[in-house]
Amino acid sequence: MNERLKGLYKTIILEHNKEPFFFEKNEKATYGLKAYNQICGDRFELYFDVKNGLISDLTFHGFGCAISKASTSVLVKNLRGKDFMEALLFCRSFLSVAKNDEGLDEKLGEELEAFSAAKEFPGRLKCATLAWDEMIIFLEKNITK
Amino acid sequence: MIELKNIKSHFPIFSCHSDLVYLDNAATTQKPQSVIEAISNFYKKENTNIHRGIYPLAVSTSQKYEAVRVKIAQFLNANDPEEIVYTSGTTASVNLVVHSFLRPQLKMDDEVIISAMEHHANLIPWQMACKDVGAHLRVIPMNRLGELDLKEFGEMLTTKVKMIAVTHISNSLGSINPIEEMIDMAHQKGIPILVDGAQSVAHYPIDLQGLDVDFFTFSGHKLFGPTGIGVLYGKKQYLDKMQPIQFGGGMIKNVTFEKSIFSEVPQLFEAGTTNISGVIGLGAAIDYVNELNRDEVLGFLKRMENNLTSKLLEVDGLRIIGQAKKKSAIVSFSMESIHPHDIATFLGAENIAVRAGHHCTQPVMDFFQLPATTRVSFSIYNQEEEVDFFVKKIKEIKQFFG
């Protein structure tokens, strides 16, 4: 097996893929963001409410590869309870980990480090950032309101 | 005659990537040295436009361009080279038939029939034409093995049906459809039928007159030729009635500000400077295929497909998608809880090229309730040992994902 790839799929990705956090549909949620990759067909939906300015009851559902599923699971786990500004900054940090060679921001923790290997596989980068890109679009639009 | 043994050496890509295991031939085939040289030599030694210049080089290019048309007609056993229209590929060929043949006669509540396993290129153009006029797109159903229901097809053939379009070989399932029978059934009701030969033309001998098919489409790049060149075959009686959908140079007899008089078929459909080097390359590709023993090729591909299928079926949790009785060398599969893109990424790291995705056949994926599959498709330069290597890697991936 290829060692670089094993690096990308570190235990963290495999674990999140097998047992994702808060993997459930919630049609009653106030917000339902669709993250869809038309090139490969990966499709996730993020459900959440906003209580006292904080993202609450964030869950997700859908299907995709191990990387996109794990990365969405990590998003859900980390954005729960954050306000829009905190969430946006967190999402941007994640993207810079996934896309750039910059060292890991210690605040983000080792869970995100797994995705830093995605940049070695340009074909798979979108898998790692799919849900995050959608979330950023939403947050940027709503943050000033 | 070219023997399959040592054939790999004819394809320079394998000298550049000695350990490449290329199993994505349904997407595009590799190009032999002779095709690459024909294109390169054209630009180095012969580059001129066609049908315009009267100096020797241009005359020679025009002659070669038309000679390929004759070659294609012979290759497919068409009645007349004028029935061969150059296009940019299968997609453009289908679109030309839709817009130039069907659309002008299609009315509200008419019907167009396609099959449940069409590539998007042989689905969306018909769908859009139907939508434009309020006609209905009908779909020949298939069973869980990926075989079309001919009984149902027979019942669909009413007087409302204005056109049928069906693929010869499914690009995502590998099913070989009984087009001979389907063409007969269509003609008994006087309905014109188009066959999409994109996946069949490289390996299966096509006899257009024997088939009596009305339209046939293919792309050069799946036939060891270059991209950007393809063919629409149409019976002369239909082509003669069709209006061009693109207008410009190269397709006119006389032009004034008041009125233009167009050329004859097939130039009528080839406005503008066409893909001349593509035509030259396609000609070289057909020369190459003509040197193959096609019975030997089909026997070899069948062995490869059987061998891979039986070995994959031994892998726990692996499901072959598409198990039609008559199948080409395309094997699609899914693995429990491992997404095709993860599989393809791991295979890619081992220099194994496969396709993972919906293969431009989303309705087929919906039918099997899958977001995507992993697809292996063989061609003449594949090696028997590549099957074993592939299966070994699949087993390793399964173990890694646990």
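Begin by selecting Leu33(A) and Leu46(A): Leu33(A) stands opposite Leu46(A), which belongs to strand E2(A). Keep in mind as you look around that this is a predicted model.

Now widen your selection to the strands around this pair. Colour E1(A) and E2(A), the latter covering residues 43–51, and you will find six bridges linking them in the antiparallel sense.

Together the three strands make an open, antiparallel sheet, in the order E1-E2-E3. Which strands stand at the edges of the sheet? They are E1 (31–36) and E3 (54–63) of chain A; each has a single partner strand, so one side of each is left without a neighbour in the sheet. Turn the view until you look across the strands: neighbours are turned by 20° against each other on average, direction ignored.

Time to zoom out and show the whole of chain A. Following the sequence, they come in the pattern α-α-β-β-β-α-α-α-α. The radius of gyration is 14 Å, close to the 15 Å from the globule rule for 145 residues, so chain A is as compact as a globular protein of that length.

To finish, picture a box along the principal axes: the C-alpha atoms of chain A fill roughly 45 × 30 × 25 Å. Of the 145 residues in the chain, 39% are buried.

Conventions. Residues numbered from 1 in each chain as written. Chains lettered and ligands numbered in written order. Predicted model: local features only at pLDDT ≥ 70, side-chain atom pairs only at ≥ 80, totals over all residues. Pairing = 2+ DSSP bridges. Helix = DSSP H or I, 4+ residues; strand = E, 2+ residues; numbered from the N terminus. Axes fitted to C-alpha atoms, helices over the stretch in contact; angles between N-to-C directions. Rg over C-alpha atoms; globule rule 2.2 N^0.38 Å. Buried ≥ 20, exposed ≤ 12 C-beta atoms within 10 Å, placed from the backbone.
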